[in-house]
Amino acid sequence: MKLSDIADNAGSRNKRMRVGRGIGSGKGKQAGRGGKGQTARSGVRIKGFEGGQMPLHRRLPKRGFNNIFRVEFAEINLDRLQDAVDAKKIDAGSVVNVESLVKAGVLRRAKGGLRLLGRGEFKAKLNIEVHGASKTAIAAVEKAGGSVKILAPAKEEGEAA
């Protein structure tokens with residue numbers, strides 16, 4: 001076999017349709033664009049225009065509110081923390097915080113801080129530093145002999161002190 005013998009499988013590549021090449025081609029005259037007017041021209045078409053009728057996106061009421069100052073927390077449940085301890089990803093002797101969990105691969109990214117949630121069984125004695133925790137999570141950690149320290153919310157850069 002030579003390099004010049006290599007070819008695509010039959011039918012694997014289609015030739016592009018050349019429009020506006022005569023009526024016999026099947027795509028002649030208006031070239032598949034219908035009649036005349038705005039929609040036949042290139043680069044113009046009013047999306048959502050309903051012929052002067054009030055368009056659907058303006059007939060429906062406005063809803064909701066996006067708080068631009070919202071702080072997103074990374075969340076972790078007690079069962080995931082226990083699994084990480086069992087898998088020896090985090091050391092039970094050291095302080096467990098966002099940075100240590102990201103470094104251990106338990107969390108993907110720190111976001112605006114860490115919130116501890118109370119799902120699952122928890123047996124490890126850990127000292128945990130988080131930016132927020134549920135009451136059930138705090139109770140479960142303290143029952144296991146550990147402690148939970150609530151940190152102040154992480155300040156964003158450029159924010160006034």
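I looked up Leu-3 first. Leu-3 is exposed at 77% relative accessibility; exposed means over 50% relative accessible area, buried under 20%, and partly exposed in between, with a 1.4 Å probe and protein chains only. Leu-3 sits in the segment before H1. Helices (H or I, at least four residues) and strands (E, at least two) are DSSP runs here, numbered from the N terminus.

A note on the source: this is a predicted model, where local features need pLDDT of at least 70, side-chain atom pairs count only at pLDDT 80 or more, and totals for chains, interfaces and linings use all residues. Residues are numbered from 1 along each chain as its sequence is written, and side-chain values use heavy atoms, with hydrogens and water left out.

**Patches**

I noted the rule: patch residues have over 30% relative accessible area and no salt bridge, with like charges joined within 9 Å and nonpolar side chains (Val, Leu, Ile, Met, Phe, Trp, Tyr) within 5 Å. The areas come from the Shrake-Rupley method with a 1.4 Å probe, and for residues only the protein chains shown count as cover.

Which residues form a positive surface patch? I found Lys-15, Arg-16, Arg-18 and Arg-21. Lys and Arg count as positive, Asp and Glu as negative, while His and the chain ends are not counted. Each charge is placed at NZ of Lys, CZ of Arg, CG of Asp or CD of Glu.

**Salt bridges**

How many salt bridges does a search of the whole structure find? I get four, a salt bridge being a side-chain nitrogen of Lys or Arg within 4 Å of a carboxyl oxygen of Asp or Glu. I looked at some of them.

- Asp-8 pairs with Arg-13, their closest N and O atoms 2.5 Å apart. Asp-8 is partly exposed at 48%, whereas Arg-13 is exposed at 67%.
- Glu-50 meets Arg-59 at 3.4 Å, N to O. Glu-50 is partly exposed at 30%, and Arg-59 is partly exposed at 43%.
- Arg-70 meets Glu-72 at 3.5 Å, N to O. Arg-70 is exposed at 58%, while Glu-72 is partly exposed at 41%.

**Backbone angles**

I then turned to phi. Lys-29 has a phi near 45°, a positive value in a residue other than glycine. Lys-29 lies in the segment before H1 and is exposed, at 69% relative accessible area. Lys-111 is not a glycine either, yet has a positive phi of about 55°. I placed Lys-111 in the loop between helix H3 (98–104) and E3.

Is Asn-77 buried or exposed? Asn-77 counts as buried, at 15% relative accessibility. Asn-77 belongs to strand E1 (residues 74–77). Leaving out residues up to four places away in sequence, Asn-77 touches Leu-117, Gly-118 and Arg-119; contact means heavy atoms within 4.5 Å.

Gly-120 is in the loop between strand E3 (114–117) and strand E4 (127–130). I read Gly-120 as partly exposed, at 43% relative accessibility. With residues up to four places away in sequence again left out, Gly-120 touches Leu-78 and Asp-79. I also checked Gly-120 against Arg-63: they are 57 residues apart in sequence and 36 Å apart in space, C-alpha to C-alpha.
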